[in-house]
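Here are my notes on the model you sent. Please read them with the coordinates open.

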Amino acid sequence: MEYKTILCDVKEEIATITLNQPEMRNPLSKRTTEELTDAIEKSDRDPHIKAIIITGAGKAFSAGGDINEFKENFMKTVPALHMEGRESTQLFKLGATVKTPMIAAVNGPALGGGCGLVAMCHIAVASKEAKLGLTELRLGIVPFVILPWIRRAVGDRRAMELMLSAEVVSAEKAKELNLVHRVVPHHELEAETWRLAKTIASFSPLAVKLALDAFYTTDQMDLTKAFDYLSTLRIVSFCSEDLREGAAAFLEKRTPVWRGK
């Protein structure tokens, strides 16, 4: 796919995906959603990529949905809207299926769908200049697609408050709510996000994938079945080349050379 609304750059085992329509505050249009989905899936399939950073160009992370597209929806049939809706949800399903850690570098306002994208990422680092919120009700719509990620991030009561108040909160408040994990001065955002991505990339890629598998697969699982599933993953880990290499490197006081096997 030729990217027209995003940029994708790979450097030192890290893919940086940038929403690149700063003059429009990086809306999550149909085209952008398709391109983001494609870029994330390709990065996840690439064995050389160990972490994915998602950020925005200019002063905004993402202002959410494209208002012009909302107007176009008035002219579409119910079946057409249904199929387009299913396609758009593919992006937000990736949070539970991708096995490459995704880090949001929230450089500015992340509203509506942009806030949902932040909540979907495995880790979120925000600039002090960032603001986050579910502003959909101000436009007479509902944050349908992103709601599962928001409520998982902040809990049911907070998610209800954010949705019904349509309040835009500061980065520090977003951290209190658990929408983001870290808040840093704006000029330190890129360096802090890169440092975190490099740290994750230094670990065994197999162990990282198993960690995400363990987390999401057992999320809605019965407690006893979760233990059984995790015991199976534990055997995979114990029999892996990476664990043998990690143990040997620790005893020999050297940097491990991971093979992802």
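1. The cysteine sulfur closest to that of Cys-121 belongs to Cys-115 and lies 11 Å away, too far for a bond. Seen from Cys-115, the closest cysteine sulfur is in Cys-121, again at 11 Å. A disulfide is a covalent bond between the sulfur atoms of two cysteines. With a disulfide taken as a pair of cysteine sulfur atoms within 2.5 Å, the count comes to 0.

2. Cys-115 has a relative accessible area of 1%, and Cys-121 has a relative accessibility of 4%.

3. On provenance: this is a predicted model, in which local features need pLDDT of at least 70 and side-chain atom pairs count only at pLDDT 80 or more, while totals for chains, interfaces and linings use all residues. Residues are numbered from 1 along each chain as its sequence is written, and side-chain values use heavy atoms, with hydrogens and water left out.

4. Helix 1 covers residues 30–45; helices (H or I, at least four residues) and strands (E, at least two) are DSSP runs numbered from the N terminus. The expected span of a helix is 1.5 Å times one less than its number of residues.

5. Why does Asp-38 count as buried? Asp-38, also in helix 1, counts as buried because its relative accessibility is 16%. Leaving aside residues up to four places away in sequence, Asp-38 touches Met-1 and Tyr-3, a contact being heavy atoms within 4.5 Å.

6. Ser-29 sits in the loop between strand 2 and helix 1 and is buried, at 7% relative accessible area. Its side chain makes a polar contact of 3.0 Å with that of Thr-32. A polar contact is a pair of N or O atoms within 3.5 Å; within protein, one must be able to donate a hydrogen and the other to accept it, and residues adjacent in sequence count only if both atoms are side-chain atoms.

7. Helix 8 (residues 189–201) has 13 residues and reaches 18 Å from first to last C-alpha, close to the expected 18 Å. Among its buried residues are Leu-189, Leu-196 and Ile-200. The buried residues of helix 8 pack against several elements, including strand 2 (14–19), strand 4 (102–106) and helix 9 (205–217).

Methods:
Buried < 20%, exposed > 50% of the residue type's maximum accessible area, 1.4 Å probe, protein only.
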